[in-house]
Amino acid sequence: MKIDRSFIGEVSKRSGQSFDGCFHCMCCSGGCPVSDIMDYLPNQIVRMMQLGMRKQVLESRAIWDCVGCYSCVSQCPNRIHIPHMMDALREMALDEGVV
């Protein structure tokens with residue numbers, strides 16, 4: 001199966017973040033105060049982006065549940081800025097009429 005990298009490339013460009021450093025330690029998800037109401041955890045969203053799962057990510061509730069508290073950023077050993085990623089994903093969902 002060929003993975004479409006254009007989705008994560010677009011999110012990287014819009015958010016100013018590189019997701020290559022994510023090794024899915026789950027620190028971002030473990031520190032997230034709203035993870036219990038998300039359909040996908042923050043680290044799962046990153047993995048889905050890495051797999052090119054555009055439709056599933058943009059239709060997920062998780063991108064709207066993030067409150068931008070920065071807890072994930074302080075927990076991440078690679079300082080991946082999940083709130084910037086979620087902002088970019090929300091913008092993309094709105095641009096594509098996926099709400």
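Me: Helices (H or I, at least four residues) and strands (E, at least two) are DSSP runs, numbered from the N terminus. With that settled, where is Met26 found?

Reply: First, a caveat: this is a predicted model, where local features need pLDDT of at least 70, side-chain atom pairs count only at pLDDT 80 or more, and totals for chains, interfaces and linings use all residues. Numbering runs from 1 along each chain as its sequence is written, and side-chain values use heavy atoms, with hydrogens and water left out. Met26 has a positive phi near 75° in a residue other than glycine. Its place is the loop between α1 and α2.

Me: Does Met26 count as buried, exposed or partly exposed?

Reply: Buried means under 20% relative accessible area, exposed means over 50%, and partly exposed is in between (1.4 Å probe, protein chains only). Met26 comes out at 43% relative accessibility, so the label is partly exposed.

Me: And where does Tyr70 lie?

Reply: Tyr70 is another residue other than glycine with a positive phi, near 75°. At 44% relative accessibility, Tyr70 counts as partly exposed. Its spot is the loop between α5 and α6.

Me: Let's do charges. How many salt bridges does the structure hold?

Reply: Side chains of opposite charge can pair when their charged atoms come close. A salt bridge here is a side-chain nitrogen of Lys or Arg within 4 Å of a carboxyl oxygen of Asp or Glu. By that rule the count is nine.

Me: Take Glu91 and Arg14. How many residues apart in sequence are the parts that the pair ties together?

Reply: Glu91 forms a salt bridge with Arg14, with 3.9 Å between the closest N and O atoms. Glu91 sits in helix α7 (residues 82-95) and Arg14 in helix α1 (residues 6-15), so the separation of the parts they tie together is 77 residues.

Me: How many residues apart are Arg54 and Glu96?

Reply: These two form a salt bridge, the closest N and O atoms being 2.5 Å apart. Arg54 is in helix α4 (residues 54-58) and Glu96 is in the segment after α7, and the pair links distant parts of the chain, at a separation of 42 residues.

Me: Which residues are joined into one network?

Reply: Here the salt bridges share partners. Those shared partners bring together Glu10, Arg14, Arg54, Glu91, Asp95 and Glu96.

Me: What about helix α3: which helices do its buried residues pack against?

Reply: Seven of the nine residues of α3 (residues 42-50) are buried, so the helix is largely enclosed by the rest of the structure. The buried ones are Pro42, Asn43, Ile45, Val46, Met48, Met49 and Gln50. Contact means heavy atoms within 4.5 Å. The packing partners are α1, α2 (27-30), α4, α5 and α7.

Me: Which residues does Ser71 touch, leaving out residues up to four places away in sequence?

Reply: Ser71 lies in helix α6 (residues 71-75). At 18% relative accessibility, Ser71 counts as buried. Beyond those excluded sequence neighbours, its contacts are Gly31 and Pro33.
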